[in-house]
Each structure stands twice: as structure tokens, then as C-alpha cells.
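Hi,

Here is the structure I promised to pass on. Have a look at it first, and my notes follow below.

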Amino acid sequence: MYSEIQRERADIGGLMARPEYREWNPELIKPKKLLNPVKASRSHQELHRELLMNHRRGLGVDSKPELQRVLEHRRRNQLIKKKKEELEAKRLQCPFEQELLRRQQRLNQLEKPPEKEEEHAPEFIKVRENLRRIATLTSEERAL
């Protein structure tokens, strides 16, 4: 493919007028076409060869759409998180640690004041309780 392009250029060069400075002064440096450093590099040639082979086989460089790649990446991350959670759960299944967790939960329940349960009660029940307290206090004061 590349050699065909060179042949075409050689044919075109034959039609073009040659510069006269080449003929009359042999001491002058003859100009040469500069090489493209990218195309001349070994890695570029190997990459180009690999791309051509893949193209002939019908393999695309990036055959998956971006959305599919993102979804696969998310699934992979979810699986990794799930495995970490499972390992953590297995680690916590040790009988000693389970007993520690139970004790911690019992202590937390004992430390919670029962007033929080009363806070969720309707207001008329709270007022009624306050009235009972006041009524019992006044009856005890009368008895004294």
C-alpha cells in the first residue's frame, strides 16, 4: 500500500520540471524530504500493523459503547462492595464478637431514657399525666 503511493509520486515527479540548481552546481547539498518522526517510530508502525490486522479480522478497537462500559464498571464495583460486606459479616460471625455486640446493644437500651417513648405520646396523655402528678402532690400535702 505504501509502496504504491511512492510509485505514484515517482511518476508525478517525472512530469514535473526538475530544479536547475541540481545540474549546474554539484557542491550544493541536494534537498531531501524530511521524515515524519511519528510515522518513522517503531511503536507507531507496530500499532498501525495491529490496527490493520484487527480491521481485517473485523475486530473493532472500541467495540463496546460507552454506556455499556459504564454499566459494567458499576456492576463490578457493586460486586466488590458486596464481597467486602460478606467478608465483614463473616468476620463478625465469631461467637465472641456476637456476644460483645449483644452486650453493647443491651447497654445502649439501658442507657436510653424511657422519656423518649413518652415524647412520642400524644399531647393530651402528657397533660393528663401532669394533672395526675399535681393532684397526687396536693393530696399528699393535705395529708401532712
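To start with a question: is Glu 99 buried, partly exposed or exposed? Glu 99 is partly exposed, because its relative accessible area is 29% (buried means under 20%, exposed over 50%, and partly exposed is in between, with a 1.4 Å probe and protein chains only). I'll come back to that residue, but some background comes before it.

This is a predicted model, so local features need pLDDT of at least 70 and side-chain atom pairs count only at pLDDT 80 or more, while totals for chains, interfaces and linings use all residues. Residues are numbered from 1 along each chain as its sequence is written, and side-chain values use heavy atoms, with hydrogens and water left out.

On confidence: pLDDT is the predictor's confidence in each residue, from 0 to 100. The protein chain averages 77, and 69% of its residues reach 70 or more. Among the elements, helix α1 (residues 2–15) has the lowest mean at 52, whereas helix α5 (residues 66–92) has the highest at 89.

Buried residues make up 1% of the 144 in the protein chain. The chain exposes about 15,000 Å², with carbon and sulfur atoms supplying 56% of that (Shrake-Rupley method, 1.4 Å probe; for residues, only the protein chains shown count as cover).

Now back to Glu 99. The structure holds three salt bridges (a side-chain nitrogen of Lys or Arg within 4 Å of a carboxyl oxygen of Asp or Glu):

- Arg 102 meets Glu 99 at 3.0 Å, N to O; both lie in helix α6 (residues 95–111), three residues apart.
- Arg 103 pairs with Glu 99, their closest N and O atoms being 3.6 Å apart; these two are four residues apart in helix α6, or about one helical turn.
- Arg 106 meets Glu 99 at 3.7 Å, N to O, and Arg 106 counts as partly exposed at 47% relative accessibility.

Through shared partners, the salt bridges join Glu 99, Arg 102, Arg 103 and Arg 106 into one network.

Two other spots to look at. Helix α4 (residues 42–57) has 16 residues, so at 1.5 Å a residue it should span 22 Å; its end C-alpha atoms are 23 Å apart, which agrees (the expected span is 1.5 Å times one less than the number of residues). Just after α4, Gly 58 takes a positive phi of about 95 degrees.

Finally, Val 127, Leu 131 and Ile 134 form a nonpolar surface patch with about 280 Å² of accessible area together (patch residues have over 30% relative accessible area and no salt bridge; like charges are joined within 9 Å, and nonpolar side chains, meaning Val, Leu, Ile, Met, Phe, Trp and Tyr, within 5 Å). Ile 134 sits in helix α8 (residues 123–143).

Cheers
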